[in-house]
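Visitor: I am new to this structure. Could you show me how to read its helices?

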Amino acid sequence: MASQMTQSALNALKLELKSLQKEPVEGFVVKLVDESVLSEWEVAIFGPPNTIYEGGYFKARMTFPSNYPFAPPAIRFIRKFWHPNVYPNGNICISILHPPGDDPQSGELSCERWNPTQNVRTILLSVISLLNEPNISSPANVDASIMYRKWKESKGSEKEYEEIIKKQVSDSKTDAEIDKVVVPSTIEDYCAKSTVASVDMESNITDFSDDFMPDSDETVDDEEEVNTNGGRGNKNTSGS
């Protein structure tokens, strides 16, 4: 059974969603999975042009804890995603998504982990950074990490990693067609501040109250793995 969302968590999420509608993050579209459930978001990630992810439309679910923003959300790709810092079940492993505080076993500094000043916008920027600059020192997917390193060190002559990514990009186009989304193919389109697929906060979002209870069926299985796994994840949390 999912825990009851606190009113402060509901207020924080509502404000963040409204902010992302007004000023979207380049390369992302966010919306609620269900307009009556504020704790479950769908995130669509466009592959950045001039990278091996160009043309991709990668969908993920972002699930928020009942005490957000004092604890981080979990993010899981809906389709299988081959990447050094993504677990086989799709959970993204990145330091910013690990619970706040010290964890000597992880090798992370507390400043690299989640803190309440972080938000969805900083998470999304970190995810884009993660795609382009994986952390292979403590991978969630060891095989993908080895394959990526060979591709990187060979300057692209070792094609296996790149071919898998291109297959993922090709497969993702089916989702774009279903959702009737035009994936940006140029830097100009990618950086455009589009609000077409964002949520109209004033007319479409339910007025949440203190007795709001998320539907337990909406919760992604094993969602806490990304927060509790002993792996370090990606320390690049700045999006740079």
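Visitor: How are α3 and α4 oriented to each other?

Guide: Two packed helices are described by the angle between their axes and the distance between the axes. Here the axes of α3 (residues 142–153) and α4 come within 7 Å and cross at roughly 115°. Axes are lines fitted to C-alpha atoms, for helices over the stretch in contact, with angles running from 0 to 180 degrees between N-to-C directions. α3 and α4 are therefore roughly perpendicular, a label for angles of 65 to 115 degrees. Helices are DSSP runs (H or I, at least four residues), numbered from the N terminus.

A word on the source: this is a predicted model, where local features need pLDDT of at least 70, side-chain atom pairs count only at pLDDT 80 or more, and totals for chains, interfaces and linings use all residues. Residues are numbered from 1 along each chain as its sequence is written, and side-chain values use heavy atoms, leaving out hydrogens and water.

Visitor: Which residues of α3 meet α4?

Guide: Contact means heavy atoms within 4.5 Å. Ala144, Met147, Tyr148 and Trp151 in α3 meet Glu160, Tyr161, Glu162 and Ile164 in α4.

Visitor: Is Ser172 buried or exposed?

Guide: Buried means under 20% relative accessible area, exposed over 50%, and partly exposed in between (1.4 Å probe, protein chains only). Ser172 lies in α4 (residues 160–179) and, at 1% relative accessibility, counts as buried. Beyond its neighbours within four places in sequence, Ser172 touches Gly55, Gly56, Tyr57 and Phe58.

Note on methods:
Helix = DSSP H or I, 4+ residues; strand = E, 2+ residues; numbered from the N terminus. Parallel < 35°, antiparallel > 145°, perpendicular 65-115°, else oblique.
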